[in-house]
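Subject: Handing over the structure

Hello,

Here is the structure I promised to pass on. Please look it over first; my notes follow below.

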Amino acid sequence: MKGVLLITGAGRGIGAATARIAAARGYAVGVNYRVDAASAEGVVDAIRGAGGTAAAIPGDVSLEADVVRMFDTCHQALGPLTALVNNAGVVDQKARVEDYSAARLERMFAINVVGSILCAREAVRRMSTARGGPGGAIVNVSSVAAKLGSSGEYVDYAAAKAAVDTFTIGLAREVVGEGIRVNAVRPGIVRTGIHASGGQPDRLERIAPLVPMQRPGEPDEIAHAILWLLSDEASYVTGSLLDVSGGR
Ligand code: NAP
């Protein structure tokens, strides 16, 4: 076994792709979800059907008690944690800043930023060699929105992902002597349901011509970058932000 990997928001999209490929490479995978238990169970069943090890782990990353329980459940089901992918994330409806509500901003930062930091906290508490842990790796799923700004669409999301980038650099340097590497991937536009969830089901077709490669990315292409950063092949990589964006 390669280690125990918890992936937040792994019932669909990039998280689900990462879970399937990680399991095929020998990780025992904790498949976290918030509400869509059926999808998460489907990912777990597919992994087990292929001879891998996985467990569905419920919990909302923006709620501290849920986060602690997620990590405890993962430990009980699969054993000591060695890797975390902070993948759970949300967008909101397309809107200009002048029309934002405080409730929108609170949700955006609670899930994308506070959730990622709380999960990283729990991972560090369990993996840090300074606390008797085995060491490990964390990958945060950011976005190229952090550098593009997403004007007229969702500047709040872009700003939240920029916070994830800065958190990645800061945490990486904080735990560098404790056996933990921390990096981020910044996907460009990827073929998942997130665009429809933000009320823009045609977003892939609209944005694809703006991408130098002239196409959206596939979830597996993001997963491969995440798994490289988690792997020993990336042993000298920490505090890095890896754009996986077709050149955008
Ligand atoms: P997706 O298909 O919409 O899936 C999002 C996942 O996150 C779902 O499994 C969802 O679980 C989970 N989730 C949402 N809120 C959660 C919470 N509070 N606690 C736990 N899980 C939660 O999204 P995706 O496109 O794969 O995106 C994955 C990550 O990539 C996100 O961080 C996103 O910002 C980033 N990203 C995506 C793109 C893109 O074009 N797709 C581009 C750049 C970055 P439930 O269904 O159970 O709620």
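Which element gives the largest share of the lining of the largest cavity? Helix α3 (residues 64-78) does, with 3 residues. Helices here are DSSP runs of H or I with at least four residues, strands are E runs of at least two, and both are numbered from the N terminus.

Before the rest, a word on the source. This is a predicted model, in which local features need pLDDT of at least 70, side-chain atom pairs count only at pLDDT 80 or more, and totals for chains, interfaces and linings use all residues. Residues are numbered from 1 along each chain as its sequence is written, and side-chain values use heavy atoms, with hydrogens and water left out.

Cavity
On a 1 Å grid over the protein atoms alone, a cavity is a set of points where a 1.4 Å probe fits but cannot get out; a pocket is an open set with protein on both sides within 12 Å along at least five of seven lines; lining residues have an atom within 4 Å of a point. Points are joined across faces, edges and corners, and a volume is the space filled by probe spheres set on them. The cavity is lined by Phe71, Cys74, His75, Gly79, Pro80, Leu81 and Arg126. By class, that is 4 nonpolar, 2 polar and 1 charged. Nonpolar covers Ala, Val, Leu, Ile, Met, Phe, Trp, Tyr, Cys and Pro; charged covers Asp, Glu, Lys and Arg; the others, Gly among them, are polar.

The largest pocket holds about 990 Å³. It has 46 lining residues, and those closest to its centre are Asn87, Gly89, Val90, Thr192 and Ile194. Elements giving two or more residues to this lining include α1 (13-24), β2 (27-33), α4 (102-127) and α6 (155-174). The lining divides into 20 nonpolar, 17 polar and 9 charged residues.

The second largest pocket holds about 230 Å³. Among its lining residues are Lys2, Tyr27, Arg181 and Asp232. Its classes are 4 nonpolar, 4 polar and 3 charged.

Cores
A nonpolar core is a set of buried Ala, Val, Leu, Ile, Met, Phe, Trp, Tyr and Cys residues joined through side-chain atoms within 4.5 Å. The largest one has 36 residues, and Leu5, Val29, Val31, Val185, Ile226 and Leu230 have the most contacts inside it. Among the elements that each supply at least two residues are β1 (3-7), β5 (136-141) and α9 (219-230). A second, separate core has 29 residues, including Ala28, Ile57, Cys74 and Cys119.

Two residues to check
Asparagine 86 sits in strand β4 (residues 83-86). Is it buried or exposed? Asparagine 86 counts as buried because its relative accessible area is 3%; the limits are under 20% for buried, over 50% for exposed and partly exposed in between (1.4 Å probe, protein chains only). Its side chain reaches the backbone oxygen of serine 116 at 2.9 Å. The asparagine 86 side chain also makes a polar contact with the side chain of asparagine 140 (2.9 Å). Such a contact is a pair of N or O atoms within 3.5 Å; within protein, one must be able to donate a hydrogen and the other to accept it, and residues adjacent in sequence count only if both atoms are side-chain atoms.

Threonine 166 lies in helix α6. This residue is exposed, at 55% relative accessibility.

Best wishes
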